[in-house]
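These are my notebook entries on a few things I looked up in this structure. I worked from a predicted model, and I kept each entry to one topic.

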Amino acid sequence: MRNTGSIEVRKLHPLFGAEITGIDITRPLSAREFGPIRAAFEEHSVLLFRDQAMDDDTQIAFSENFGPLETTLSANPAAGTKFARQSNLDIMTGEPIPPDDMRMIYQKANYFWHSDSSFKRIPSLCSILTARICPPEGGNTEFLNMRAAWDALPPALQATIHPLVAEHALAHSRDRVQKGILSAKSLAELPPVKQRMFRDNPINGRRALYIGAHAGRILDWPEPISKAILWELAQRAEQPEFMMSHAWREGDVIVWDNRAVLHRATYYDATRHKRLMQRTTIGGDELTVPQ
């Protein structure tokens, strides 16, 4: 079968997010077919596709339409592959991982608002998450519109943070869960990087506040003031009207723009239910500030 019909775009939230129907993204897409998807991505920041029977190969093929994929580093169980595995299942045996296992403790940092790979010198463009096994309840993914967060800031605060640069590191988010949770190898792979505190969409010019759990401090500012500003910005951003929550079902695929939204996982009972989500991350193409 070929994709011969036109796609439909249905808004999911007044400010962002859209469900895309009328296309099978498990099949190869022509440039004509992918064009409207990319345009919807730039406009809506979060795209939902339902009933897509993805396996690893089809997910990689679809993801590559957006650009080159990142290779997962040693902190994730799927290290060395194109996938970041979000699951309570042992990658070798398929059995549930005990809740006190370090692999489950490590994943608790996913409950914090963050932008994937903001801790890399060149931060990512977007992430694609596919639902393979879903718990019957819980385990939603929530999204936060950082374009709306930026627009809502008072002009004086926008002017204050415009020239500022934050330090991002995976250690900042993981230390909030448990100090020293990252191995020496992981820390060496991912030293702290500099990121400006906003990102602009090159297509439509929309500006988004760029913070999240990986942002630990503002460079060249006293630590107490630095942390206070990051805390205030996070509180201003985390407004109910800027949020969208997605309840997963198997076959769902979501693409989100790491330049424009933050996201976080929510709780599910990992001792009673299985969950397997596979994430691909598409690399960005530019530094936000000189490193």
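I looked up how the strands are arranged and found an open sheet of 3 strands in the order 8-7-11, with antiparallel pairing. Strand 8 (193-196) and strand 11 (215-218) are its edge strands, since each pairs on one side only. From one strand to the next, I noted a twist that averages 40°. I then followed strand 7 (residues 165-168) to strand 11 and counted 3 bridges between these antiparallel strands; H168 has A215 in strand 11 as its bridge partner.

Entry two, helix 2. Which residues of helix 2 (residues 56-63) are buried? I listed T58, Q59, F62 and S63. They lie on the same side of helix 2, because the arc they cover around the axis is only 135°. Among the elements that cover these buried residues I found strand 3 (46-49), strand 5 (126-133), strand 13 (253-257) and strand 15 (276-282).

The largest nonpolar core has 23 residues, and M146, I161, M197, L209 and L233 touch the most other members. Helix 4 (146-152), helix 5 (155-161), strand 10 (207-209) and helix 8 (223-237) each give two or more residues to this core. I checked L209 and, leaving out residues up to four places away in sequence, found that its contacts include M146, W150, F198 and A237.

Conventions
Residues numbered from 1 in each chain as written. Predicted model: local features only at pLDDT ≥ 70, side-chain atom pairs only at ≥ 80, totals over all residues. Heavy atoms only, no water. Buried < 20%, exposed > 50% of the residue type's maximum accessible area, 1.4 Å probe, protein only. Helix = DSSP H or I, 4+ residues; strand = E, 2+ residues; numbered from the N terminus. Arc of directions from axis to C-beta. Contact = heavy atoms within 4.5 Å. Pairing = 2+ DSSP bridges. Axes fitted to C-alpha atoms, helices over the stretch in contact; angles between N-to-C directions. Core = buried A, V, L, I, M, F, W, Y, C linked by side-chain atoms within 4.5 Å.
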